[in-house]
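Please look over the sequence and model before reading the points below.

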Amino acid sequence: MSSQPIVFHACSQTISADTWPVDAVLALFDMPFADLMLRAQQTHRQHFDPTEVELATLLSIKTGGCPEDCGYCPQAARYDTGVTAQKILPLDTVLQAARAAQAEGATRFCMGAAWREPKDRDLDNVEDMVREVKALGMETCVTLGMLAEHQAQRLKDAGLDYYNHNLDTAPEFYENIISTRDYQDRLDTLGRVRGAGIKVCSGGIVGMGETRLQRAGLIAQLANMSPYPESVPINHLVQVPGTPLYGQEALDPLEFVRTIAVARITMPKARVRLSAGRRQLGDAVQAMCFMAGANSIFYGDKLLTTGNPEVEEDRALLARLGLKARNAHSDARCEVIQ
Ligand code: SF4
């Protein structure tokens with residue numbers, strides 16, 4: 001990142017590009033929409049081909065029965081959401097899904113397990129999955145909850161490319177959403193992932209009742225990591241009956257677009273991913289998100305347990321927008337974040 005000061009025309013505020021105080025991030029959110037979109041576009045085009053979108057497919061390798069209490073999550077055992085706890089999937093099933101995702105054009109395969117943290121014996125299975133999926137020529141990502149240092153190292157040794165662990169929201173709003181682990185636990189896991197040399201995928205969820213200031217707080221937390229995450233999934237809350245956040249007042253879709261734009265500006269070389277909640281956004285809002293600098297989507301019929309636009313719908317939308325799938329080896333310039 002350049003350390004040249006940047007002058008924001010709209011707010012006449014001068015800040016350094018390599019740290020992002022919350023009020024500076026908030027000033028981005030507060031910009032006139034057209035100015036914010038222009039700035040996000042300019043940033044995006046400096047670092048990426050704006051016509052390319054990364055396709056990542058997510059598979060739940062161990063669904064439900066989670067002891068945590070994340071207020072948005074249908075996999076928490078304590079909420080009555082109709083999700084039944086399952087055992088970890090067999091390797092063959094995972095490989096079949098990975099091959100199918102690859103045939104559909106996905107370059108990254110993400111595997112999620114509903115654990116507070118994995119037991120060491122769980123990792124034996126996950127290591128095999130990582131090795132075998134990687135052998136197909138796909139990038140690998142797993143999300144398994146909190147990790148100990150030796151577990152991060154085991155995953156690195158198995159060849160894992162990315163570890164997903166979201167911050168979810170701003171520190172000030174966090175206790176409204178989760179009580180069974182604290183913010184520092186999340187930061188500690190991300191530190192261990194980085195320490196093991198695994199790339200970081202970390203983002204959050206918007207539309208959970210947080211304020212704009214708290215959305216800015218989330219983005220500032222992510223952007224001020226040193227280095228910031230290589231992948232930043234921005235989720236729109238999917239309201240699932242039975243979870244505490246069901247019935248939450250819906251977020252203005254333009255505020256979601258603003259969040260994408262601010263993530264792009266503050267983390268210029270990251271893959272900013274449209275993740276959960278795309279179905280509610282509709283085509284026009286998704287198109288605005290791509291213009292705001294989103295350049296990755298979760299692709300496939302289902303996210304962990306909630307719906308996702310059908311593959312054919314996604315293909316049609318990308319074609320209508322003149323966007324193409326990222327080739328697995330086409331953006332080495334974006335892989336190293338300094
Ligand atoms: S988000 Fe993850 S940790 Fe939280 S309840 Fe759901 S599966 Fe468990």
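Cys73 lies in the loop between E3 and H3, where helices (H or I, at least four residues) and strands (E, at least two) are DSSP runs numbered from the N terminus. The model is predicted: local features need pLDDT of at least 70, side-chain atom pairs count only at pLDDT 80 or more, and totals for chains, interfaces and linings use all residues. Residues are numbered from 1 along each chain as its sequence is written, and side-chain values use heavy atoms, with hydrogens and water left out.

**Annotated cysteines**
- An unreviewed UniProt entry places the feature "binding site" at Cys66, Cys70 and Cys73; such annotations may be inferred rather than shown by experiment, feature names are shortened, and positions follow the numbering used here.
- Cys73 counts as buried because its relative accessibility is 17% (buried: under 20% relative accessible area; exposed: over 50%; partly exposed: in between; 1.4 Å probe, protein chains only).
- Leaving aside residues up to four places away in sequence, Cys73 touches Tyr79 and Thr243 (contact: heavy atoms within 4.5 Å).
- Cys66 is found in the loop between strand E3 (52-62) and helix H3 (91-103), and at 9% relative accessibility Cys66 counts as buried.

**Helix H4**
- Helix H4 (residues 120-135) has 16 residues and should span 22 Å at 1.5 Å a residue; its end C-alpha atoms are 23 Å apart, which agrees (expected span: 1.5 Å times one less than the number of residues).
- The buried residues in H4 include Asp122, Leu123, Val126 and Glu127.
- Cover for the buried residues of H4 includes E3, H3, strand E4 (108-113), strand E5 (139-143) and helix H5 (149-157).
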